Amino acid sequence: MDIREANQSDIPRISDIYQACFPRERDHRVWVEATFNAAPRCIYYVIEQDGAPAGYILWCVKNGFRKNTIAELEQIGVHPDHTRKGLARKLIDTSFAKFKKHISDRGYAVGAIFVTTSEGHFAEDLYISTLEVSRSAVISDYGNGNEVILYRKMLPRDE
Ligand SMILES: CC(C)(COP(=O)(O)OP(=O)(O)OC[C@H]1O[C@@H](n2cnc3c(N)ncnc32)[C@H](O)[C@@H]1OP(=O)(O)O)[C@@H](O)C(=O)NCCC(=O)NCCS
């Protein structure tokens with residue numbers, strides 16, 4: 001299970017996985033291309049199975065580059081052909097370490113983690129167990145239901 005930062009040539013495969021995971025959304029390739037181009041603010045990482053990406057994760061800086069930034073796990077998708085094999089858990093663990101290094105290489109630190117999911121989605125437990133986040137708020141009627149905001153403060157506020 002190789003986990004690495006995505007490159008330009010991964011865009012079609014990430015778009016396919018995104019489409020398979022989030023079929024209600026539209027223009028998947030356009031969204032992935034635009035987001036890929038948001039580096040160094042946002043970085044995609046992929047997890048490979050048999051030499052090809054089977055899943056991806058998207059980490060972004062939420063509140064501008066600053067001494068202690070907020071890192072958002074913005075999206076994660078594992079292709080339905082590869083789910084329930086522990087890929088997402090591994091991807092979250094490893095990519096978060098890589099994203100923290102990406103931020104520290106720019107002279108900043110990750111001071112907090114932010115991630116949201118639909119209320120009732122099993123991903124809430126996954127995020128709690130991997131990132132040690134906890135429920136901070138629930139937004140009612142967000143998209144197709146309520147959205148849970150999970151958060152963990154890791155470093156004190158920067159002055
Ligand atoms: C969410 C997703 C990334 C999980 O990927 P995955 O590789 O199958 O996850 P893992 O195999 O690492 O499993 C992680 C945990 O979730 C649980 N899980 C996975 N799929 C599940 C399902 N369909 N129902 C209930 N629990 C599930 C596993 O049991 C595991 O828990 P455990 O380690 O305590 O046993 C994948 O299902 C997906 O891409 N779904 C569509 C997109 C999506 O919903 N993204 C998250 C939205 S916030």
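Author: Take H82. Buried means under 20% relative accessible area, exposed over 50%, and partly exposed in between, with a 1.4 Å probe and protein chains only. H82 has 16% relative accessibility, so it counts as buried. This is a predicted model, in which local features need pLDDT of at least 70, side-chain atom pairs count only at pLDDT 80 or more, and totals for chains, interfaces and linings use all residues. Residues are numbered from 1 along each chain as its sequence is written, and side-chain values use heavy atoms, with hydrogens and water left out.

Reader: Where is H82 placed, and with which residues is it in contact?

Author: Helices (H or I, at least four residues) and strands (E, at least two) are DSSP runs, numbered from the N terminus. H82 lies in the loop between β4 (68-78) and α3. Contact means heavy atoms within 4.5 Å. Neighbours within four places in sequence aside, H82 is in contact with Q49, A54 and L87.

Reader: Which residues of α1 are buried, and what do they pack against?

Author: In α1 (residues 11-21), the buried residues are I11, I14, S15, I17 and Y18. An arc is that of the directions from the helix axis to the C-beta atoms. Here the arc is only 165°, so these residues are on the same side of α1. They pack against α2 (28-36), β2 (42-49), β3 (52-61) and β4.

Reader: How do α1 and α2 pack?

Author: Axes are lines fitted to C-alpha atoms, for helices over the stretch in contact, and angles run from 0 to 180 degrees between N-to-C directions. For α1 and α2 the angle is about 125° and the axes are 9 Å apart. Angles under 35 degrees count as roughly parallel, over 145 as roughly antiparallel, 65 to 115 as roughly perpendicular and the rest as oblique. Therefore α1 is oblique to α2. From α1, I11, P12, I14, S15, Y18 and Q19 meet H28, R29, W31, V32, E33 and F36 of α2.

Reader: At what angle do α3 and α4 pack, and which residues make the contact?

Author: Helix α3 (residues 87-105) packs on helix α4 (residues 123-131) at about 40°, with the axes 10 Å apart. That angle is why α3 is oblique to α4. On the α3 side the contact is made by A88, R89, I92, D93 and F96, and on the α4 side by L126, Y127, S129, T130 and L131.
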